[in-house]
Amino acid sequence: MPLMVQKYGGSSVADGDKIKNVARRIVKARSEGNQVVVVISAMGDTTNKLLELAYQISAQPKDRELDVLLSTGELVSSTLLAMALEDLGHKAISLSGAQAGIQTDSSFSKAHILRVDPKRIADELKKGQVVIVAGFQGVTQDRDITTLGRGGSDTTAVALAASLHAEMCQIYTDVEGVYTADPRFVPQAVKLKKIGYEEMLELASYGAKVLHPRAVELGELYNIPITVASSFVDKPGTIICKEVSMEIRNKVRGIAHDTNVAKVTIIGVPDHPGIAMSIFEPLARADISVDTIVQNASIEGITDLTFTIARSELTKAMSIIEPISMDIGAKRCATDSSLAKVSIVGTGMENTPGYAARMFRALYEQGINIQLITTSEIRITCIISEDKVRDAIQILHKTFELDAT
């Protein structure tokens with residue numbers, strides 16, 4: 001009997017009626033001859049409400065206690081879904097991340113899955129159960145509860161699909177698939193039937209919220225096809241897989257944007273060996289990811305160093321950077337938290353010149369100033385003012401004719 005893993009996001013299980021709707025979808029999959037493992041998120045905005053409650057109690061709650069608290073949201077939705085399935089006459093069992101064998105490191109709030117022991121899940125499937133796993137969570141070797149960070153339920157689902165050798169991982173959310181751009185900004189955006197892992201990873205990493213980047217990485221590593229679709233309509237979604245069309249007419253496949261961006265500039269940095277290490281190693285130890293890095297040419301042994309981080313981590317980052325800048329003899333630090341990223345992505349750009357020039361001209365003609373640029377083989381990203389994001393997405397979608405994809 002084929003095995004599939006389905007994941008349902010918070011909007012899909014926001015209330016009792018939506019949970020019953022999910023139960024009916026699972027029953028349909030079972031009636032088609034499939035074994036089903038379900039990964040589920042917390043109901044609606046439960047995670048945000050739990051965070052608000054935590055900060056009402058304590059100005060600085062410990063990460064360990066936060067993880068225990070936040071993990072309860074998925075336990076509620078998974079148990080309710082099990083009840084809904086039982087009411088429809090189907091055997092079901094809910095499991096926490098720990099019970100499902102999801103073992104993680106001890107990086108609370110940002111834990112990474114080390115291994116999955118699927119024995120309990122396999123045993124329950126043999127009994128004819130629908131297995132419902134609380135997403136977003138796992139357990140350390142010391143039996144501490146951890147969470148995987150925002151979007152972690154996607155990662156849970158793909159990790160389980162890989163460990164169980166599932167034929168497909170289906171991610172159900174409130175959108176119908178992966179679009180050429182955010183439909184809220186570009187009504188003409190087109191849903192893609194298929195997209196490769198590399199392109200999806202770039203889109204997800206640079207702002208497309210439809211799927212977590214770590215889930216895409218796991219899918220590519222274990223060659224697990226991932227379908228992204230809506231739980232509210234019965235329409236085909238987007239398949240993320242290894243094989244896409246050999247020749248794609250439009251070399252740009254999609255546009256991503258991210259408004260969670262801040263820029264840090266350390267001014268007057270002495271230019272000698274070890275300076276970059278002394279700045280970026282402490283940030284790495286604090287689990288702060290650095291994106292774009294630009295160092296100006298040295299003049300008389302002095303330079304300026306600029307980099308971008310998530311805006312949400314700016315306060316934490318500056319508490320680390322400011323003492324370091326004083327220690328290394330820099331003049332001062334400056335920050336800008338009113339920025340955003342806009343990116344064009346497509347494997348077809350790799351060996352085709354001219355895409356950067358077209359992007360820059362389109363933004364120039366729209367009166368949009370580019371502050372920083374970063375690229376990969378299949379992506380070009382510009383850092384711009386946040387208030388210009390909508391204009392940038394719309395003009396780039398038009399420039400690269402993505403409505404004709």
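Start by selecting Lys119 and Asp123: the two form a salt bridge, with their closest N and O atoms 3.0 Å apart. A salt bridge here is a side-chain nitrogen of Lys or Arg within 4 Å of a carboxyl oxygen of Asp or Glu. This is a predicted model, where local features need pLDDT of at least 70 and side-chain atom pairs count only at pLDDT 80 or more, while totals for chains, interfaces and linings use all residues. Residues are numbered from 1 along each chain as its sequence is written, and side-chain values use heavy atoms, leaving out hydrogens and water.

Now show the cartoon around this pair. Both Lys119 and Asp123 sit in helix α4 (residues 119-126). They are 4 residues apart, about one turn of the helix. Helices (H or I, at least four residues) and strands (E, at least two) are DSSP runs, numbered from the N terminus.

Lys119 is exposed, at a relative accessible area of 55%. Asp123 is partly exposed, at 26%. The cut-offs for relative accessible area are under 20% for buried and over 50% for exposed, with partly exposed in between (1.4 Å probe, protein chains only).

Next, select Asp154 and Lys7. They form a salt bridge too, and their closest N and O atoms are 2.9 Å apart. This pair links distant parts of the chain, 147 residues apart. Asp154 belongs to helix α5 (residues 152-163), and Lys7 to strand β1 (residues 3-8). Are these two residues buried or exposed? Both Asp154 and Lys7 are buried.

Move on to Arg184 and Asp182. Their salt bridge has its closest N and O atoms 2.6 Å apart. Arg184 counts as exposed, at 65% relative accessibility. Asp182, at 15%, counts as buried.

Then select Arg64, Glu65 and Asp144 together. Salt bridges that share partners join these three into one network. How many salt bridges does the structure hold? The total is 18.

Finish with the cysteines. A disulfide is a covalent bond between the sulfur atoms of two cysteines. The rule used here asks for a pair of cysteine sulfur atoms within 2.5 Å. By that rule the count is 0 disulfides. Select Cys169: this residue is in no disulfide, and the nearest cysteine sulfur, in Cys241, is 14 Å away. Check the surface once more. Cys169 is buried, with a relative accessible area of 0%. Cys241 also counts as buried, at 11%.
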